Amino acid sequence: MGRLKRKKLTNALDRLLDKNAWKAENERREKALVDNLEKAKKNQVKSKKASSETVRTRPQLSSKDKILLVGEGNFSFARSLAENYLEEGSENLVATCYDTEKVLYEKYEEARENVEFVREFGGTVLFEVDATDLSKEVKKNRYTKIIFNFPHAGAGIKDQDRNIVANQKLLNGFFDSAAPLLTKASKGEIPANKSESRQVEDDIVPDGEIHVTMKTIQPYNLWAIKSLVKAKGVLAVKGTSPFYPDDYPGYEHRRTLGFKEGLSKGANAEILSASPKTYIFVKKEVMDKENENSIKGSLKRQLEQKKLKMGKKIKRKKVQHNQSDDDE
Ligand SMILES: C[S@@+](CC[C@H](N)C(=O)[O-])C[C@H]1O[C@@H](n2cnc3c(N)ncnc32)[C@H](O)[C@@H]1O
């Protein structure tokens, strides 16, 4: 075979090898792209799943809170707070119910023991307290948390519309009466020395909150609690969270009429099947301030990001400039 012929053959072989290598490389790249796309899709699903799952946190309640409970049933909620959250003492707990003491014990036989327990732990128990017209004794304090679990007028009204109106009236009256009793945030005095700093921490008072827990199925969702509050213009919705009865060991929900064998369900089955939710309300000005601060915070973050980007651009330009200097 002549030299020229051999050279041509080698070149053709090289080209064929190159072509195959190029094809293989292309296929590898395509596969990597598809794999990456699949991975990205999977990650997206994962992060969507993660963000839709709510993180469950323990309710933020402690002996430092000044707590008012209204519309208690058998006082098992008050007892559970004393036992599980107010380990340093229940002196700041005021637990109240609408019934007279006599009627309460007739309706709920376990209530007597629960009331005694709360009092032994230092809490105050008051009877015949109307949530829509809070008594003088209740009004002499300010509260960081005012809690009404499963409010219900319990008027036995069969007509749904009239029933809704009766319950909205109860909620309206409660908000009017409770809102002025919320604490206003205040800081403790500046400590003179380090040993006093703990005392100052104790002196810090947060803005008070009203917590109303309700079933979210019909007809309860027709009470339109958020709209009621907004229409008043005094309070604002700070947020909502699912209500987990087992956050309060020993708590047993009760109906207004008492525990009726055959009708009522034990172990909180009645509320568990109704997706209960806690609505948290604060004074409107508190929420306005919070919103203002979060807008300021996000603007600040945006500005910082812009500055960072600008800095990077300038740096890049300087590097390019220096490189072109070297080329000369
Ligand atoms: C469904 S029960 C819930 C009881 C209790 N909070 C619980 O979670 O087990 C509704 C409660 O609202 C109370 N209630 C109704 N009208 C009230 C009012 N005007 N003031 C205070 N409580 C009231 C009833 O006495 C009853 O205890």
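On a 1 Å grid over the protein atoms alone, a pocket is an open set of points where a 1.4 Å probe fits, with protein on both sides within 12 Å along at least five of seven lines, and a residue lines it if one of its atoms lies within 4 Å of a point. The model examined here is predicted, and local features need pLDDT of at least 70, side-chain atom pairs count only at pLDDT 80 or more, and totals for chains, interfaces and linings use all residues. Residues are numbered from 1 along each chain as its sequence is written, and side-chain values use heavy atoms, with hydrogens and water left out.

The second largest pocket holds about 500 Å³ of space, a volume being the space filled by probe spheres set on the points, which are joined across faces, edges and corners. Its lining comprises 23 residues, and T57, P59, Q60, S241 and I280 lie nearest the centre. Elements that give two or more residues to this lining are β4, β5, β6 (235–242) and β7 (277–283); helices (H or I, at least four residues) and strands (E, at least two) are DSSP runs, numbered from the N terminus. By class, the lining of the second largest pocket has ten nonpolar, eight polar and five charged residues. Here Ala, Val, Leu, Ile, Met, Phe, Trp, Tyr, Cys and Pro count as nonpolar, Asp, Glu, Lys and Arg as charged, and the others, Gly among them, as polar.

Turning to the largest pocket, its volume is about 1100 Å³. Among the 49 residues that line the largest pocket, F150, H152, G154, R255 and T256 are the closest to its centre. Two or more lining residues come from each of α2 (76–84), β4 (145–149), α6 (160–178) and β5 (209–214). The lining of the largest pocket divides into 24 nonpolar, 14 polar and eleven charged residues.

The ligand sits in this largest pocket, meaning that more than half of its atoms lie within 2 Å of the grid points. Around the ligand are 16 residues, of which G71, A131, N149, Y251 and R254 come nearest; a residue counts as near if one of its heavy atoms lies within 4 Å. This shell contains seven nonpolar, six polar and three charged residues. A polar side-chain atom of Y251 lies 2.7 Å from an oxygen atom of the ligand.

Definitions and conventions: A polar contact is a pair of N or O atoms within 3.5 Å; within protein, one must be able to donate a hydrogen and the other to accept it, and residues adjacent in sequence count only if both atoms are side-chain atoms.
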